[in-house]
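Q: Can you walk me through this one? Keep it quick.

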Amino acid sequence: MNEPRLRVSEIRTQGRGPYSLHVAAGECVSLRGPSGSGKSLLLRAIADLDPHDGEAFLDGEACSSVPAPQWRRQVALLPVESQWWLDTVGEHFPAAPCPWLAPLGFDEAALRWQVGRLSSGEKQRLALARALMNRPRALLLDEPSASLDEASTAALEGVVADYRRSEQAAVLWVSHSREQAARVAARHFQLQAEGLEEGTP
Amino acid sequence: MNMISLTPLDLALAAILILLLAGLSWYLRLGLQRTLLINASRTVVQLLLVGLVLKAVFANADLLWVGLMATVMLAVAGYEVMARQKRRMQGWWGYGLGAGAMFVSSFSVTLLALLVIIGNQPWYEPQYAIPLLGMMLGNTMSGVALALDRLTQSAWQQRAVIEQRLMLGQTRAEAIDEIRRDAARSGLMHIINAMAAAGIVSLPGMMTGQILAGAPPMEAVKYQILIMFLIAAGTGFGVTSALWLASRWLFDERHRLRLNVLAAPRV
């Protein structure tokens, strides 16, 4: 059997789990579950931001065998609420031009915007562009369109799908919306306290 | 030295000023009269006690006694640093961090001053060693306490930002860099301001004391310059080492922010 791009093996975090799943290269998997069921905690554990039991593998390489910053550049977590700590948007981006601004509905001038004046929807889309700049091989998206209107949601879904195909990235997408899960993902998981259950969206 | 000895009556006159202030506080309902009087009494008692101790230590200039006194001073300073933190480190770290940083900086700078600069015989002569160390510890203590408090408070308030930076692949040092620089600035601002204002805005306390006690002004000035430099160096080394240790301790070996090393804030 081919080693999947992202494999989560028996991860237990904060008294929940064990959770196991795998996402193939270029595949998108949805993750749903009631509020407070620990979806964000699972994503944080996969990104190695919280202490946890179990292991995650990227192309067969164990998380614990790679320096943590390098792991997090490859396994990018996009949190529900992104943070911006410098004055302008552009200061949070590497110097290289960002190819995802235009498809997300921004022009280059957006990099000169003051972060204090960003709307939550703009923050969410810009945070995706910023995360993609690391060229991650796996994307962990935590309700990435929570504060987006329909047009922006479609743009974001398009950018993620294009990136997934062109880079053969593995995408784990947490969504509250059944319709969105069905739209973006090929396989679907429901998060339960004692584990993950694969099923319909 | 033509020193004019103060009589108890002289001190009583100064104490009347404190009583007047307490009266004013009572009249204006500032609510400060109680603390003011208690702490003024503490000054009298503590300084009289330390005077007795110093008299005894000066009388037998013994390395053991000087060392013992220095250890007690360091222990108290370490406790003070910990007590001034709103969110201090849990357990022994909370104490050892501040005390360790002050030990490294204050003790080494004081030793350097005694051995190399002043070059007294013997080097631990208490008349020089104790006041020097006291001045070093007092200032380093404020700097370290301020810097650590700023670091832990900011880390707590900005934990979302720190974690966001970690998510983007920054190392723990990069993720807390700005916070650490701010903390260093607030720890060192006091001594930097003191050096800028020295002699123009304020006559430093030690120099004033020496001049009042009859020392020639230029001698007092030279000692003051020495003291200022030593304090700046001691505070600087103390603050940077405390911040380095503390900011390292806020993360685990997998570069995860672990704020649970901080105790709940005291009210």
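**Strand pairing and the chain contact**

A: In S9(A), Arg187(A) is the bridge partner of Val29(A). This is a predicted model, where local features need pLDDT of at least 70, side-chain atom pairs count only at pLDDT 80 or more, and totals for chains, interfaces and linings use all residues. Residues are numbered from 1 along each chain as its sequence is written, with chains lettered from A and ligands numbered from 1 in the order in which they are written.

Q: In which sense do S3 and S9 of chain A pair, parallel or antiparallel?

A: Parallel, over 4 bridges; S3(A) covers residues 28–32 and S9(A) residues 187–192. Strands are DSSP runs (E, at least two residues), numbered from the N terminus. Two strands pair if DSSP finds at least two bridges between them.

Q: What is the strand order in the open sheet?

A: S6-S7-S8-S3-S9-S10 in chain A, with mixed pairing. S6 (75–78) and S10 (195–199) each have a single partner strand, so one side of each lacks a neighbour in the sheet.

Q: And S4(A), which strand does it pair with over 2 bridges?

A: S5(A), residues 61–62, in the antiparallel sense. Leu58(A) stands opposite Glu61(A) there. The hairpin has 2 residues between the strands, and Asp59(A) takes a positive phi near 50°.

Q: How many bridges join S1(A) to S4(A)?

A: 5, with the strands antiparallel; S1(A) spans residues 6–13 and S4(A) 53–58. Arg7(A) faces Phe57(A) across that pair.

Q: Switching topic: how many residues of chain B are in contact with chain A?

A: 13, against 15 residues of chain A. Contact means C-beta atoms, placed from the backbone, within 7 Å.

Conventions
Two residues are in contact if their C-beta atoms, placed from the backbone, lie within 7 Å.
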